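Thanks, everyone. I will go through one structure today, starting with a term and then moving from a single residue to the contact between chains.

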2 protein chains.
Amino acid sequence: MEAEFIQWLRERLPAHPRLLLGAGDDAAILSVGQSQGFVITSDLLSEGVHFVFDSAGASRVGRKALAVNLSDLAAMAARPLAAVVSLLLPQHDGLRIAQELYEGLLPLAFEYDLTVAGGDTNCWRGPLVVSVTAVGETTASGFLRRSGAEVGDAILVTGTLGGSILGRQFEFEPRVAEALLLNERYTIHAAMDISDGLALDLSRICLASGVGAEIETASVPVSEAAYNLAGGRDFHREALLHALGDGEDFELLMTLADAEAERLLRDQPLEIPLKRIGLIVSRPGLWEVDAAGNRIHLEPRGYVHQ
Amino acid sequence: MEAEFIQWLRERLPAHPRLLLGAGDDAAILSVGQSQGFVITSDLLSEGVHFVFDSAGASRVGRKALAVNLSDLAAMAARPLAAVVSLLLPQHDGLRIAQELYEGLLPLAFEYDLTVAGGDTNCWRGPLVVSVTAVGETTASGFLRRSGAEVGDAILVTGTLGGSILGRQFEFEPRVAEALLLNERYTIHAAMDISDGLALDLSRICLASGVGAEIETASVPVSEAAYNLAGGRDFHREALLHALGDGEDFELLMTLADAEAERLLRDQPLEIPLKRIGLIVSRPGLWEVDAAGNRIHLEPRGYVHQ
């Protein structure tokens with residue numbers, strides 16, 4: 001339902017000189033006063049949809065509720081400023097749950113120099129709901145967006161992909177520092193964070209940019225967790241499908257002009273892996289290119305919001 | 001639980017040079033770049049706690065979810081800029097509900113020149129939850145806060161009070177324009193919006209300012225709705241208690257130096273009523289002063305968040 005609704009909504013939201021970038025990217029960018037650009041993003045996590053309370057625990061839910069917003073700020077190459085936290089707490093044990101939640105959230109806020117500026121706290125007879133809105137500012141290097149990919153661009157990802165369900169979905173480090181550094185030193189044409197799976201999110205960059213993409217599957221950085229999930233006869237293929245389709249990697253997905261990507265890969269300026277996985281092409285759609293050079297159409301798999 | 005939790009949380013939120021005013025007022029104020037002050041506030045409404053879906057309808061819930069945030073911006077005398085909207089929709093009829101909700105919310109956003117900058121939309125098996133975060137900016141006149149009331153100040157309110165449950169809870173007009181005008185032309189010591197009832201909210205101004213207050217009950221502007229709710233033998237007293245205790249008036253409550261209040265009341269610069277209802281005193285607590293001049297201790301009644 002989400003895609004259909006967002007389309008309906010976008011048609012009803014008028015352009016405004018204050019809105020530099022509206023709904024449809026990882027965050028919105030506002031022009032406020034003298035500032036470069038003011039970035040705002042919001043994510044809501046609810047028990048039973050986004051997490052299982054008994055296995056996750058309130059502390060990890062609290063950390064994640066902020067971390068997904070930080071990852072959205074990273075996708076825009078924005079510096080975090082502040083967040084507000086709205087809670088719907090179960091009536092039983094609400095205070096303890098709220099405290100544990102903040103004990104997971106606050107250390108991450110301090111780590112990223114983000115101010116927790118308030119929010120709204122309520123109890124009800126339902127399950128736990130956590131809604132976090134984070135604000136940030138763009139730097140002198142400007143902001144990143146999904147729609148700038150150009151034919152001939154190299155496609156790069158940070159980290160390794162797949163199998164986040166084994167733990168990474170709660171423990172991931174939002175790539176804020178990495179995005180700020182890359183945006184300062186290199187010209188990045190398009191970027192987003194991988195929240196719904198590499199293939200699906202890459203298809204969104206393609207759609208926003210009016211291009212297609214070829215993924216060289218042999219180059220995709222498959223995580224250890226993805227291998228741990230793959231247990232069948234076609235072990236390597238299974239792990240690759242996890243890397244292509246699993247959600248919640250929260251790594252950066254970027255496209256850069258070929259020569260710029262070469263320079264970046266030579267420099268390797270990050271402490272985490274940075275890998276080239278494919279090419280932006282003019283032919284629409286997603287294409288898998290295997291080691292033998294065969295092109296196969298790739299369905300954008302991944303987590304689709306209902 | 002809310003008060004206990006906020007206390008616990010405030011002890012854990014460190015001061016930050018960026019945070020001009022933190023949790024505990026109607027909104028937080030951030031210093032961002034060159035801007036005067038950046039204001040952020042968040043309110044979450046949930047079915048069964050804040051509204052009954054079948055009687056309210058999605059459109060009025062959508063309008064209200066934004067209006068309560070606008071009222072918080074008004075309480076700080078901030079100019080609205082943008083909002084993000086996060087939704088948890090029931091699986092049955094989710095798209096229609098989301099559309100109706102925005103059909104209530106968007107006209108109010110346009111009216112206040114507020115940009116809807118995105119959000120997060122989810123479906124689940126639970127009831128409707130709407131979380132709105134609004135951002136605004138302070139003007140050259142600075143911002144209003146709860147903690148500035150001084151002994152000898154006159155206490156003023158806009159509009160009439162009580163009985164919002166008969167309709168006003170959904171139809172109220174946030175006092176954004178009024179707050180901006182008053183803050184530009186007059187020196188206001190303390191202000192907030194009346195969301196939980198006059199007596200309870202006035203006791204919060206007193207607590208934040210380290211003062212007490214006397215309410216001249218004969219001067220309290222009792223609404224027609226409060227009279228409609230009062231049906232017993234002591235009709236006038238009952239209506240007054242609704243005006244003192246009912247939540248969701250969303251009028252402005254302010255304190256000003258006596259002479260400044262006189263000037264303001266002479267000018268009557270607003271198109272809505274503006275009335276003096278009492279006096280800030282040094283003796284802590286809330287005091288009711290009747291027509292004969294008797295002082296009675298007044299319990300802060302009102303809606304207490306659980």
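A residue is called buried here when its relative accessible area is under 20%, exposed when that area is over 50%, and partly exposed in between. Please keep in mind that this is a predicted model.

With that cut-off, take Leu270(A). Its relative accessible area is 12%, so Leu270(A) counts as buried. The residue sits in a loop of chain A, the one between α10 (258-267) and β11 (274-281). What does Leu270(A) touch, leaving aside residues up to four places away in sequence? The list is Thr158(A), Glu178(A), Leu181(A) and Leu182(A). For Leu182(A) I also have the spacing: 88 residues from Leu270(A) in sequence, and 8.5 Å from C-alpha to C-alpha.

Next, two backbone angles. Phe250(A) is not a glycine, yet its phi is positive, near 55°. You will find Phe250(A) in the loop of chain A between α9 (235-245) and β10 (252-256). Phe250(A) has a relative accessible area of 4%, so this residue is buried. Asp113(B) also has a positive phi without being glycine, here near 50°. Its loop is the one between α4 (94-111) and β5 of chain B. Is Asp113(B) buried or partly exposed? At a relative accessible area of 40%, Asp113(B) is partly exposed.

Now some strands of chain B. Strand β4(B) covers residues 78-90, and twelve of its 13 residues are buried, so the strand is largely enclosed by the rest of the structure. Which way does β4(B) run against β6(B), residues 129-138? These two are antiparallel, joined by ten bridges. With β5(B), β4(B) runs parallel, and eight bridges join them. There, Leu87(B) has Thr121(B) of β5(B) as its bridge partner. As a general point, side chains in a regular strand alternate between the two faces of the sheet.

Staying with β5(B), residues 115-124, look at Thr115(B), which belongs to that strand. Thr115(B) is at 4% relative accessibility, and therefore buried. Beyond residues up to four places away in sequence, Thr115(B) touches Leu81(B), Ala82(B) and Ala83(B) in chain B, and His16(A), Arg18(A) and Leu19(A) in chain A.

That leads to the contact between the two chains. Interface size is often given as the accessible area lost when the parts come together. For chain A and chain B the buried area is about 5,300 Å², with 70% of it on carbon and sulfur atoms. Chain A puts 61 residues into the contact and chain B puts in 63.

How many salt bridges are there between chain A and chain B? The count is two. In a salt bridge between the chains, the side chain of Arg18(B) meets that of Asp113(A), at 3.1 Å from N to O. Polar contacts between chain A and chain B come to 16 residue pairs, both residues at pLDDT 80 or more.

Which elements of chain A give two or more residues to the side that touches chain B? They are α1 (2-12), β2 (28-30), β3 (38-46), β4 (78-90), α4 (94-111), β5 (115-124) and β6 (129-138). The largest share of that side is the ten residues from β5(A). Sorted by class, the side of chain A that touches chain B holds 34 nonpolar, 17 polar and ten charged residues.

Technical notes. Residues are numbered from 1 along each chain as its sequence is written. Chains are lettered from A and ligands numbered from 1 in the order in which they are written. Side-chain values use heavy atoms; hydrogens and water are left out. Contact means heavy atoms within 4.5 Å. Buried area is the accessible area (1.4 Å probe) that two parts lose on being put together, summed over both. A salt bridge is a side-chain nitrogen of Lys or Arg within 4 Å of a carboxyl oxygen of Asp or Glu. A polar contact is a pair of N or O atoms within 3.5 Å; within protein, one must be able to donate a hydrogen and the other to accept it, and residues adjacent in sequence count only if both atoms are side-chain atoms. Helices (H or I, at least four residues) and strands (E, at least two) are DSSP runs, numbered from the N terminus. Ala, Val, Leu, Ile, Met, Phe, Trp, Tyr, Cys and Pro count as nonpolar, Asp, Glu, Lys and Arg as charged, and the others, Gly among them, as polar. Buried means under 20% relative accessible area, exposed over 50%, partly exposed in between (1.4 Å probe, protein chains only). Two strands pair if DSSP finds at least two bridges between them.
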